[in-house]
Amino acid sequence: MLRSAKHPKMQEKEVREIAGLLRHKPRVAVLTGAGISAESGIPTFRGKNGLWKQFRAEDLATPEAFERDPILVWEWYDWRRKIIAGREPNAGHLILARWEEELPGFILITQNIDGLHSRAGSKNILELHGNIWQLRCLKEAKVTENFESPLPHIPPRCPACGGLLRPNVVWFGEALPRLILEQAQSASTAAELMFVIGTSAYVQPAASLPLLAAEGGAAIVEINPDYTPLSTYASYSLRGKAGEILLQIDAAIRDAS
Ligand code: BV8
């Protein structure tokens, strides 16, 4: 597909327009994906050196895979926990945490399980796909937080009942937590401005949230170095890295005020 590179002046103009919209303090929803954590050094899924290039999602991120080989699946999650444990939130995470304080009704919806948004200070977060730092007991369904990296035992077991623990994340073929999905859908529908940052807009039902927002009349701002299936629907599709572009927008809001 021919990718017409956008003229930098054109993008600067769009950044100023978006900053102008934010100055009116609209109802803002944000959907993030793995791309917002890329600048923290955490591999994405479908990028050139992405996780799915080295592993097959079906072999690891499904209940069948865990049933078949819990040790292999846990070794993969323990490896990802180790990568994330050594990384920090980046400018993109930090700006979104500050916008939450400055914009009434701001809501952050993330597909990420790395926990970097809460470490950056975001409070009102909907974690669609769970959290890699939470373990869930298969027997009692009890969820506990666990930051041990590496894990002392693989597979980890529930101290209370000895049952197998699994990562408290949503695997392919599993339903998203119903309440969280409903909150994300209503936040998207109610939004006046929706940012879609660092996602290939491929995985459902998350990828449908921006379309819900657009149907509700929201302007959609996509931030991604690449084109995605969402790019043609977006009011603005800014090419570039999340941290860099959010810094530009944030500066532009302060420029004029
Ligand atoms: C569901 C958690 C139904 C685990 C993840 C057959 C059977 C069942 C379902 C399906 C099926 N076929 C299709 C489906 C639906 C399926 C699906 O969407 N499949 C895809 C592959 C087509 N969805 C599901 O299965 C969902 N459940 O449908 O349930 C149901 C209903 C009722 C009852 C029972 C069942 C569950 C989906 C959740 C799966 N879990 N992760 C884990 O992480 O280990 S998905 C995984 O992909 C991550 O969560 C990730 O967040 C998500 C999306 O990926 P992205 O975040 O977008 O990351 P990606 O690498 O793709 O893209 C990164 C982007 O960033 C790129 O565009 C890149 O250009 C950009 N980027 C790079 N650098 C930067 C940047 N952007 C900005 N700045 C940068 N610096």
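This report walks through the pockets, the ligand surroundings and the cavities of the structure above. Keep in mind that the model is predicted.

**The open spaces**

Let's start with the largest pocket, which holds about 1100 Å³ of space. Its lining counts 46 residues, and those nearest the centre are Ala34, Gly35, Thr44, Phe45 and Arg46. By type, that lining splits into 22 nonpolar, 17 polar and 7 charged residues. Helix H5, covering residues 70-85, gives the most to the lining, with 3 residues. Domain 1 (1-42 + 89-129 + 176-257) and domain 2 (44-86 + 131-169) each supply at least three lining residues.

Then there's the second largest pocket, at about 220 Å³. Here 15 residues form the lining, with Leu135, Arg157, Cys158, Pro159 and Leu165 nearest the centre.

**Around the ligand**

| Residue | Protein atom | Ligand atom | Distance |
|---|---|---|---|
| Gly173 | backbone N or O | oxygen | 2.7 Å |
| Glu174 | backbone N or O | nitrogen | 2.7 Å |
| Asn224 | polar side-chain atom | oxygen | 2.7 Å |

On its own, the ligand would expose 1500 Å², and the protein buries 73% of that.

Searching the whole structure turns up 2 cavities of 30 Å³ or more. The largest cavity comes in at about 140 Å³. Among the lining residues are Ala34, Ser37, Phe45, Arg80, Ile83, Ile84 and Asn112. H5 provides the largest share of this lining, 3 residues. In terms of type, the largest cavity is lined by 8 nonpolar, 2 polar and 2 charged residues.

The second largest cavity has a volume of about 40 Å³. Its lining includes Thr110, Asn112, Asp114, Gly115, His117 and Glu127. Two elements give two or more residues to that lining: helix H7 (116-119) and strand E3 (125-127). H7 has the largest share, with 3 residues. This lining divides into 2 nonpolar, 5 polar and 2 charged residues.

A few names come up again and again.

Terms used: Residues numbered from 1 in each chain as written. Predicted model: local features only at pLDDT ≥ 70, side-chain atom pairs only at ≥ 80, totals over all residues. Heavy atoms only, no water. 1 Å grid on protein atoms, 1.4 Å probe; cavity = no way out; pocket = protein on both sides within 12 Å on 5 of 7 lines; lining within 4 Å. Points joined across faces, edges and corners; volume = space filled by probe spheres on them. Helix = DSSP H or I, 4+ residues; strand = E, 2+ residues; numbered from the N terminus. Nonpolar A, V, L, I, M, F, W, Y, C, P; charged D, E, K, R; others polar. Domains from an automatic or database assignment. Polar contact = N/O pair within 3.5 Å; in protein donor to acceptor, adjacent residues only side chain to side chain. Areas by Shrake-Rupley, 256 points an atom, 1.4 Å probe, with all protein chains shown as cover.
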